[in-house]
Amino acid sequence: MPVVLAMHFPWGRYHATPWGRYVNEGLVEIPPSPWRLLRALYSAWQMRAPDLEECVVRSLLSALAVPPSYRIPPYRIGHSRHYYPDSKHRSGSASTDKAVDAFAVLDGDQTIYAIWPIDLDPEQREALARLAKSIPYIGRAESTCEVQVLDQVPPEVRHQYAEPIGLDDDALGRSHQPTEVLCPELPLDLDTLIQRPADVRAAKLLYPSSTRKITYAVPAPSQPFQAVTQADSAVTVVRLTISGIRQPRLAHAVPLMDALRGGCIKILTRQGSAFDSLLAGKSANGRPLADAHRHAHFLPYDADGDGRIDEIVIWTPGGLPAREVEVLDVLGRRSVGVPDGVTGPRDLRVLLTASGGDDLLPAEWTRPARRWRSVTPFVPSRYRKCSKSPEGYLHEEVVRELGYRDGSADGLSVVERFDSAFVGFIRRRWRDKKAAGSRSGHALELEFPEPLSGPIALGHLSHFGLGLFEAID
């Protein structure tokens with residue numbers, strides 16, 4: 001007979017930060033990890049039922065160390081922000097620290113079910129029932145919870161399953177997302193359950209000893225974002241925010257944008273029907289689109305100039321249909337990054353935060369200006385001939401690229417400047433077989449006789465973040 005732990009949240013909110021993540025990242029550990037459940041049962045034993053026999057509780061917790069499956073009700077992720085006076089407030093200055101309280105809002109019966117396919121003897125089941133009733137909350141103390149042991153999930157419950165899938169994202173359905181869940185190593189070492197975060201940090205570990213991460217397929221939040229707000233408006237710009245403790249380097253823009261586009265193609269392929277995709281830049285028969293660069297540009301945006309990517313701006317002059325905007329929304333439920341052994345960011349999460357027209361583009365990319373300078377290196381699409389001077393070669397390449405994009409190059413001045421920030425920029429896709437240094441990158445300053453409006457993205461890999469310019473006057 002299986003063991004079912006029914007966790008009912010009467011307030012409809014579940015608060016829990018995944019181990020190893022900063023609370024202000026706004027992440028919620030859903031489902032509650034097996035490690036969290038075992039610690040809650042252990043705490044209930046020590047604090048509220050110490051008279052239970054140790055051998056019974058130990059055997060019970062060892063049996064429950066096997067990763068369970070879950071039934072999760074429809075939920076949405078929300079948060080509140082709180083500003084507290086920091087250590088400087090006594091000096092008279094108005095200085096505060098921000099704290100983010102993220103939570104899952106549970107719908108339906110507001111109950112999460114954890115299911116173990118194991119058999120317990122009557123003594124163990126009785127001990128589990130008593131410990132379950134003694135648990136006051138799951139996660140943070142705000143998550144008031146009523147826990148009970150059942151023989152099975154009630155037949156009227158229609159919650160979606162969350163189950164281990166290993167490392168294969170292909171096992172996911174469109175309504176699920178991969179989530180790493182902290183589990184104990186087997187066999188369970190009961191003494192590791194009492195490790196404090198301070199002890200784990202003192203040992204220079206990110207996770208408690210004798211634990212492991214298992215990837216689960218978890219139902220995605222209900223309607224996390226309405227991608228298209230106006231059905232009659234063309235979506236030419238989509239903005240994605242990168243979540244995490246540290247944003248990737250601007251120098252790694254190409255491998256990140258390549259991985260992001262690859263994730264989009266993977267989702268489009270699973271949709272089955274063939275069609276010309278401006279998001280993937282491919283026709284229905286899989287050939288590159290010849291559309292005068294009207295398909296998607298995956299562009300990095302460094303908002304504060306610290307050399308790290310704060311947002312990804314997907315600019316598609318030809319406009320994206322609703323189904324392709326939805327692909328970017330689905331992508332936010334997957335991890336994005338380069339494969340192992342490739343230089344670049346990995347295991348990132350992106351969130352679709354805005355979609356609409358060109359007014360969503362950063363102002364420094366679009367405002368009319370005579371002078372423009374490189375944000376990322378300009379890489380010519382052709383090699384320089386020995387008969388051509390470096391200055392003439394760069395001028396000719398910029399003029400040619402502007403011609404492809406309906407840009408006027410009459411009276412254009414092109415000057416190369418040295419920019420130390422461009423040293424180490426990756427200038428090739430990780431799938432390319434050519435040597436890394438096959439094409440050089442250049443920091444350019446363009447001057448037009450009349451103000452020109454952007455965006456301006458030119459040259460090799462301009463659809464992957466290179467050759468991007470910003471207005472400087």
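Colleague: What makes Glu-401 count as buried or exposed?

Modeller: In this predicted model, Glu-401 has a relative accessibility of 3%, and since buried means under 20% relative accessible area, Glu-401 counts as buried. The residue is placed in helix 8, and apart from residues up to four places away in sequence it touches Phe-378, Ser-381, Leu-458 and Gly-459. Glu-401 and Pro-380 are 21 residues apart in sequence, while their C-alpha atoms are 8.9 Å apart in space.

Colleague: How do you know whether Glu-397 is buried or exposed?

Modeller: The relative accessible area of Glu-397 is 1%, and because the limit for buried is under 20%, Glu-397 is buried. Glu-397 is also placed in helix 8, which covers residues 390-404, and, leaving out residues up to four places away in sequence, it touches Phe-378, Pro-380, Ser-381 and Arg-382. From Glu-397 to Gly-108 there are 289 residues in sequence and 60 Å in space, C-alpha to C-alpha.

Colleague: What makes Glu-29 buried or exposed, and which residues does Glu-29 contact?

Modeller: Glu-29 has a relative accessible area of 10%, and as buried means under 20%, Glu-29 is therefore buried. Its place is in the loop between strand 2 (13-14) and helix 1 (34-48), and, with neighbours within four places in sequence left aside, Glu-29 is in contact with Tyr-14, Ala-16, Thr-17, Pro-18, Trp-19 and Arg-36. Pro-31 lies in the loop between strand 2 and helix 1, and the peptide bond joining Ile-30 and Pro-31 is cis, with omega about 5°.

Colleague: Where is Pro-187 placed, and what is the peptide bond from Leu-186 to Pro-187, cis or trans?

Modeller: Pro-187 is found in the loop between strand 9 (176-184) and helix 4 (197-202), and the bond from Leu-186 to Pro-187 is cis, with omega near -5°.

Colleague: Why is Gln-110 called partly exposed?

Modeller: The relative accessible area of Gln-110 is 22%, and because buried means under 20% and exposed over 50%, with partly exposed in between, Gln-110 is partly exposed. Gln-110 sits in the loop between strand 5 (96-106) and strand 6 (111-116), and its phi is near 55°, a positive value in a residue other than glycine.

Colleague: What makes Leu-461 buried or exposed?

Modeller: Leu-461 has 9% relative accessibility, and since the limit for buried is under 20%, Leu-461 counts as buried. This residue lies in the loop between strand 17 (443-452) and strand 18 (469-471), and it has a positive phi of about 60° although it is not a glycine.

Colleague: Turning to the helices, why is helix 1 called roughly antiparallel to helix 2?

Modeller: Helix 1 and helix 2 pack at an angle of about 170°, with their axes 11 Å apart, and because angles over 145 degrees count as roughly antiparallel, helix 1 is roughly antiparallel to helix 2. In this contact Leu-38, Leu-41, Tyr-42 and Trp-45 of helix 1 meet Glu-54, Val-57 and Leu-61 of helix 2, and by class the contact has 6 nonpolar, no polar and 1 charged residues.

Colleague: What makes helix 2 roughly perpendicular to helix 3?

Modeller: Helix 2 (residues 54-63) and helix 3 (residues 122-134) pack at about 85°, and their axes are 9 Å apart. Since 65 to 115 degrees counts as roughly perpendicular, helix 2 is roughly perpendicular to helix 3. Val-56, Ser-59 and Leu-60 in helix 2 meet residues of helix 3 that include Glu-123, Ala-127 and Leu-131, and the residues of this contact divide into 5 nonpolar, 2 polar and 1 charged.

Colleague: How do you know how helix 5 and helix 6 are arranged relative to each other?

Modeller: The axes of helix 5 (residues 253-270) and helix 6 (residues 322-331) come within 10 Å and cross at roughly 115°. The range from 65 to 115 degrees counts as roughly perpendicular, and helix 5 and helix 6 are therefore roughly perpendicular to each other. Helix 5 passes helix 6 in a right-handed crossing, and the contact of helix 5 with helix 6 has 8 nonpolar, 1 polar and 1 charged residues. Among the residues that meet are Leu-260 and Ile-267 in helix 5, and Glu-324 and Leu-328 in helix 6.

Key:
Residues are numbered from 1 along each chain as its sequence is written. This is a predicted model: local features need pLDDT of at least 70, side-chain atom pairs count only at pLDDT 80 or more; totals for chains, interfaces and linings use all residues. Side-chain values use heavy atoms; hydrogens and water are left out. Axes are lines fitted to C-alpha atoms, for helices over the stretch in contact, and angles run from 0 to 180 degrees between N-to-C directions. Helices (H or I, at least four residues) and strands (E, at least two) are DSSP runs, numbered from the N terminus. Angles under 35 degrees count as roughly parallel, over 145 as roughly antiparallel, 65 to 115 as roughly perpendicular and the rest as oblique. A crossing is left-handed if the near helix is turned anticlockwise from the far one by less than a right angle, and right-handed if clockwise. Contact means heavy atoms within 4.5 Å. Ala, Val, Leu, Ile, Met, Phe, Trp, Tyr, Cys and Pro count as nonpolar, Asp, Glu, Lys and Arg as charged, and the others, Gly among them, as polar. Buried means under 20% relative accessible area, exposed over 50%, partly exposed in between (1.4 Å probe, protein chains only).
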